[in-house]
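I open the notebook on a new entry. I will go through the chains, then the sheets, then the domains and the core.

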Amino acid sequence: MTSYVLGRLFALLLTTLAASLIVFLLMQILPGDPAAVMLGVNAQPETLAALRTKLGLDQPLWTRYLDWIGGFPFGDFGVSHTYSTPISQLLAPRIMVTLPLALLSMAISVGVALPVGVYAASRRGKPGDFLSMGAAQIGVAIPNFWLGLLLILFFALHLRWLPASGFAGWEDGLWRGLRSLILPALALGLPLAAILARVTRSAVIEALGEDFIRTARAKGLTSRAALWRHATPNALIPVATIVGMQFSFLLAGTIIIENVFNLPGVGRLIFQSIAQRDLVTVQSLVTLLAACVIFVNFLVDLAYGWLDPRLAAGGGR
Amino acid sequence: MSAPLLELDGLTVALGTGGVELLSGLSLVLERGERLGLVGESGSGKSLTALAIMGLLPEQMRVSGGLRFAGDDLPALPEERMRRLRGRRIAMIFQEPMTALNPVMSIGAQIAEGRRLHLGESRAEAEAVARRLLDRVGLPGPRFDLGLYPHQLSGGQRQRVMIAMAAACGPDLLIADEPTTALDVTVQAQILDLLDEIVEETGAALLLITHDLGVVSETADRIAVMYAGRIVETGATEEVFARMAHPYSQGLFAASPYGLDLRRAPGGPRPRLKAIPGMVPDPARRPAHCVFAERCGFVQPDCLRISPRLAPLDSGGARWPHLAACLHPRAGGLAP
């Protein structure tokens, strides 16, 4: 098992490096000289050259890549052009917004999708199935930013239950911070829940058709117990796969949702960096997000072994 | 004398109310300690009979006629009482050991589940029993740990786990639906022996469903041959094997390797198994006359007019009378 995990970690490292290389090269293809953009159209050639040297833009491509990626193991992601601050310092407070937001969205997605999907599967072809899957169909069709606006209108402006935008910070207690994340997490998580519910439903329906469900019923289990104890655990593997894939959608979604809700998170930082042509920041943040997605999928791979003993490393004979 | 353990009295299963009949007027009685073999080719309704007894038929199927277990009218029992019979007093062993066990649940948990459910035992108590059961069915510890998963076992070992599961609560009736069909021939005999021993030890009744006449002749005291949703011949196994009266039974026998001396005479042609021509009729198009008439080599004009009932062939007095549903039963002997 340990050697399996170590092997996977090594593969994970290589994937991350490949991702960083792609991100780096993409940034080089972008038209426009960052130094020229920073100084404006009327810059003196000497000033421009000086800035290019300062930014290291006059170095060969591979030196710049190695310089940049070489800092990553030490938490040195470069220095933001616009803020003139190390990116790691920009990142630290923003992760405290985006990470809880992502986790909360994921929890909402899974927490809503599993019961709804299993319920719909158990009521297959009946009104309960049509109702829940109809709702899921609507959920799939709604873009998260629009759902975010609707949630703001209803829960923040009409009912005045939750703040419309901004982040209260964690200094005044957990609940104050969490309150400002509930609506954005719903806006991010519900459309994902809709997709996941449909996947769960079909996976559970497939499991319900298996012979071992008949065995469980013949053993004297109620159809409900057979559903939850035997069919659902067997359906979790495809569900876990989709959860892993959804994580990347989720991170991409934070860029939009943090703007809609005016949250000072990583997504908003990326958005602003793109707008301000702060290329090093964009490059580092996108690479970090890619590493995040790769890591989460690694966790999903580990979860497979736990969900299905047939897939556990060294479990077979 | 109390009510028989299992009594089918004209059991009929139809698709929807008044729809196509899948089982037509099945009658048989099974007592504790008896072993009954239910034989027939695919589509004859053997497995459906088992599911009807278990109360696990698909929703759209309707049961009529008598189906009683220890005096209880099973179709009339509320689901909760039926559920308490399943696995506790009526247990079932399924055909496919590869798919009939839950792949993500340990075998120990699957065996213990029934006892925890029906007898309210704690996990530790039920697992202690599961350990003894695994030892009993020939999967001794520590090699065969309770924590093993089905994919770590061979087909025969999984079928042993199925038997341990079915025997877990000491059922009065054990239904084995083709328990050896999916297994290697060498393993088949071991599993049959095990099944036989378990039935012997527990005193349960065994309803053995198979298409394999060899399996029946080894295991069952009594045999019921099914064709197109009805019983066409029944009697003590020895008696039926000695004097097969229904042309279908004869055909089934001639079509199996047991019915034929397969040794090749020097220089002679290779002996061939005799296939029964035609197919089991579609339940929606079963004729009103003898259901086997279209495939029967001995068909007479009246076979195409009348549907024969099960009638005794011998003078009676035997514990299990030899009955056949044929207008022109063959006078003893096997198929030519």
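**Strand pairing in chain B**

I started with β1(B) and strand β2 (residues 21-30) of chain B, which pair in the antiparallel sense over 6 bridges. I take two strands as paired if DSSP finds at least two bridges between them. Helices (H or I, at least four residues) and strands (E, at least two) are DSSP runs, numbered from the N terminus. Within this pair, B:A14 stands opposite B:E21 in β2(B).

I noted the conventions here. This is a predicted model, in which local features need pLDDT of at least 70 and side-chain atom pairs count only at pLDDT 80 or more, while totals for chains, interfaces and linings use all residues. Residues are numbered from 1 along each chain as its sequence is written, and chains are lettered from A and ligands numbered from 1 in the order in which they are written.

I then looked up the other pairing of β1 (residues 6-15) of chain B, which is with strand β4 (residues 61-69) of chain B, antiparallel over 8 bridges. B:L8 has B:L67 in β4(B) opposite.

**The open sheet of chain B**

I traced an open sheet of 8 strands with mixed pairing, in the order β6-β7-β8-β3-β9-β10-β12-β11 (chain B). Which strands stand at the edges? They are β6 (90-93) and β11 (311-312) of chain B; each has a single partner strand, so one side of each is left without a neighbour in the sheet. In general, strands of a sheet pair through backbone hydrogen bonds, either parallel or antiparallel.

B:A311 has B:A324 as its bridge partner in β12(B).

I also checked what lies across the sheet. Helix α9 (residues 247-254) of chain B lies across β3 (35-39), β9 (222-227) and β10 (230-236) of chain B. The helix runs at about 100° to β9(B). Axes are lines fitted to C-alpha atoms, for helices over the stretch in contact, and angles run from 0 to 180 degrees between N-to-C directions.

**Chain A overall**

I counted 12 helices and 0 strands in chain A. The C-alpha atoms of chain A fill a box of roughly 85 × 60 × 35 Å along the principal axes. Of its 317 residues, 35% count as buried; a residue is buried if 20 or more other C-beta atoms lie within 10 Å of its own, exposed if 12 or fewer, and partly exposed in between, with C-beta atoms placed from the backbone.

For contacts I use C-beta atoms, placed from the backbone, that lie within 7 Å. Among contacts in chain A between residues at least 6 apart in sequence, 69% join residues at least 24 apart.

**Domains**

I took the domain bounds from an automatic or database domain assignment. Chain A is divided into domain 1 (17-70) and domain 2 (93-311). Their centres, over C-alpha atoms, are separated by 37 Å. The contact takes 8 residues from domain 1 of chain A and 8 residues from domain 2 of chain A. On the domain 1 side, α1 (2-29) and α2 (34-39) of chain A give two or more residues each, and the largest share, 5 residues, comes from α1(A). By class, this side has 6 nonpolar, 2 polar and no charged residues. Ala, Val, Leu, Ile, Met, Phe, Trp, Tyr, Cys and Pro count as nonpolar, Asp, Glu, Lys and Arg as charged, and the others, Gly among them, as polar.

For chain B the assignment gives domain 1 (6-220) and domain 2 (244-260 + 274-324). Their C-alpha centres lie 28 Å apart. The contact takes 9 residues from domain 1 of chain B and 7 residues from domain 2 of chain B. β2 and α7 (213-219) of chain B each supply at least two residues of the domain 1 side, which divides into 4 nonpolar, 3 polar and 2 charged residues.

**Interface and core**

I found 20 residues of chain A in contact with 24 residues of chain B. On the chain A side, α9 (211-218) and α10 (223-260) of chain A each supply at least two residues, and α9(A) gives the largest share, 6 residues. That side has 6 nonpolar, 6 polar and 8 charged residues.

Last, I looked up the largest nonpolar core, which has 162 residues. Such a core is a set of buried Ala, Val, Leu, Ile, Met, Phe, Trp, Tyr and Cys residues joined through C-beta atoms within 7 Å. Helix α8 (residues 174-208) of chain A gives the most to this core, with 16 residues. The residues with the most contacts inside the core are B:I163, B:A164, B:L207 and B:V225. Not counting residues up to four places away in sequence, B:A164 touches B:I111, B:L133, B:L134 and B:V137.

Notes: Two residues are in contact if their C-beta atoms, placed from the backbone, lie within 7 Å.
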